[in-house]
Amino acid sequence: MRDDLLEKLETWHEEDEYEAIVDAIMEIPAEERDYELISHLGRALNNLERYEEAIEQFLLIEEEGKDDPLWHYRIGLAYYYLDQYDDAQKAFEEADRLDPGDEDTLDFLESIASLKEEEDEEDEESEDEEEEDEDEEEESSEDVEVTRPVLFDTDFDYTNFWDDSDPNADSYVSAPPTDKLIESVEESLVFKLPDYYIQMMKQHNGGVPYNRQFHTNTGSIQISGILGIGREKSHSLCGESGSRSLIESGGYPEFGVVIALAESGVIMLDYRETGNDGEPEVVHVDQGSGHKVTKLAPSFEAFVRGLVKE
C-alpha cells in the first residue's frame, strides 16, 4: 500500500500534478506521516510556490534531515524564493558540504552572492537619493500632483517596430486585448502588467520585433519575440508556452512574468523591488548559466527603447 502511494507521488511529480500530491498526503493523519512523505509534501508545496508552508513542513523533519543534502537543498530553495537569502545561503552551503559539487546548489550559491552584492549597491544608492530628496523637498505632500507614467510618446516609431513577415510571428500575434482579458490575465499571473506594455499590446498584441538585440555592460542579448496578452497563441502570456509554463519547465525564478524569449534564457518583469502591483524592472535570466539574473532596464518602456538591430 505504501509503495503504491510513493509510486503515485513520483508519477504525479513527473506530471506536475502537485496539488494531487498535497491532497493525498494531507489526507494521512499528521502522526502517520514519516520523513519520506513530508519530504514529498514539502517539495510539492515548493513547486506550488507555497514556500512558507513548505518551510513549516521541512522544519518538522529538521533533525532527520540534518545529514540529507536534499533536505537542505529544498528548504534552501524555499528560503531563496522568499528572498530570505541568509537562510538560503546557509542551507545551500550545508547541502554543498554534504554533496559537494552539485551544479544546482552551486548555481544558487552564486546567484545569492550576486543578489547580495546588488542589494548592497542599491542600499548605498538609496541612501544617497534619500539625502538628496530631503535637501530638495520644498513642497508639502498635499501639493504634490500624482501622475501616471507617460504612455506611447510620439518620438518613438512603433509603426516599424514589428516584423510581421517573420515566420515565427504567427505564434505570438493575437488580436488587441480587451480590458476584461487584461484583467483576467493579470489575475492568472498574480502580477499587474506595466501600463506601457498594455498600451503597446493594444496597438499590436505580441510579435517579433525588427530590433531584437539589447546591449549590456558585458555583451548583448538577443530576443526572439515579445509575448502578447492572451491565452490562445502558444507564445502569449497565458498560452501553452507562456510565462507560467516557461517558469515551471525551465526552472526560472518565480519573482515575476516572462515577457520575451531570449537566447539561452528569457526576459522577465522582475517585481521583487516594487511588489506585485508596482512598476517592475526588466531582467535577463540565463538558463545556461544557472539562471543567472542580469538587470537590463528599470522599466519595460526603457527595455523596448533599448532594443537595436543586430
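**Salt bridges, strands and buried residues**

E63 is exposed, with 56% of its relative accessible area open. Buried stands for under 20% relative accessible area, exposed for over 50%, and partly exposed for values in between, taken with a 1.4 Å probe and the protein chains only. The structure is a predicted model, in which local features need pLDDT of at least 70 and side-chain atom pairs count only at pLDDT 80 or more, while totals for chains, interfaces and linings use all residues. Residues are numbered from 1 along each chain as its sequence is written, and side-chain values use heavy atoms, with hydrogens and water left out.

The side chain of E63 meets that of K66 in a salt bridge, at 2.8 Å from N to O. The term covers a side-chain nitrogen of Lys or Arg within 4 Å of a carboxyl oxygen of Asp or Glu. K66, the partner of E63, counts as partly exposed because its relative accessibility is 42%. In total, the structure holds 16 salt bridges.

Another salt bridge joins R50 to E53, where the closest N and O atoms are 3.0 Å apart. R50 is partly exposed at 27% relative accessibility. E53 has a relative accessible area of 35%, so E53 is partly exposed too. A network of salt bridges also links E49, R244, E248 and E254.

The salt bridge between D166 and R212 has its closest N and O atoms 2.9 Å apart. This pair connects distant parts of the chain, 46 residues apart: D166 belongs to the loop between α8 and α9 (179–189), and R212 to the loop between α10 (195–203) and β1 (213–216). Both residues of the pair, D166 and R212, are buried. Helices (H or I, at least four residues) and strands (E, at least two) are DSSP runs, and they are numbered from the N terminus.

Individual helix residues were also examined. E117 is located in helix α8, which covers residues 103–136. With a relative accessibility of 48%, E117 counts as partly exposed. G65 lies in helix α5, made of residues 62–65. The relative accessibility of G65 is 0%, and therefore G65 counts as buried. G65 and Y35 are 30 residues apart in sequence, and their C-alpha atoms are 8.1 Å apart in space. D195 is part of helix α10 and is buried, its relative accessible area being 13%. The C-alpha atoms of D195 and F300 are separated by 9.2 Å, although these residues are 105 residues apart along the chain.

The strands were then considered together. An open sheet is formed by 7 strands in the order β6-β5-β4-β3-β2-β1-β7, with antiparallel pairing. Its edge strands, β6 and β7 (307–308), each pair on one side only. Two strands are taken to pair if DSSP finds at least two bridges between them. In a regular strand, side chains alternate between the two faces of the sheet.

Strand β1 pairs with strand β2 (residues 219–226) in the antiparallel sense, over 4 bridges. Within this pairing, F214 stands opposite I221 of β2. Strand β3 (residues 256–262) and β4 also run antiparallel and are joined by 6 bridges. In β4, V266 is opposite L261. β3 and β4 make up a hairpin with 2 residues between the strands, and S264 in this hairpin takes a positive phi near 60°.

Strand β4 (residues 265–270) is largely enclosed by the rest of the structure, because 6 of its 6 residues are buried. On to the next strand in the order, β4 and β5 pair over 6 bridges in the antiparallel sense. I267 has H284 in β5 as its bridge partner.

The pairing of strand β5 (residues 281–286) with strand β6 (residues 292–297) is antiparallel and has 5 bridges. D286 is bridged to K292, which belongs to β6. β5 and β6 form a hairpin, with 5 residues between them. In the turn of this hairpin, G290 has a positive phi of about 70°.
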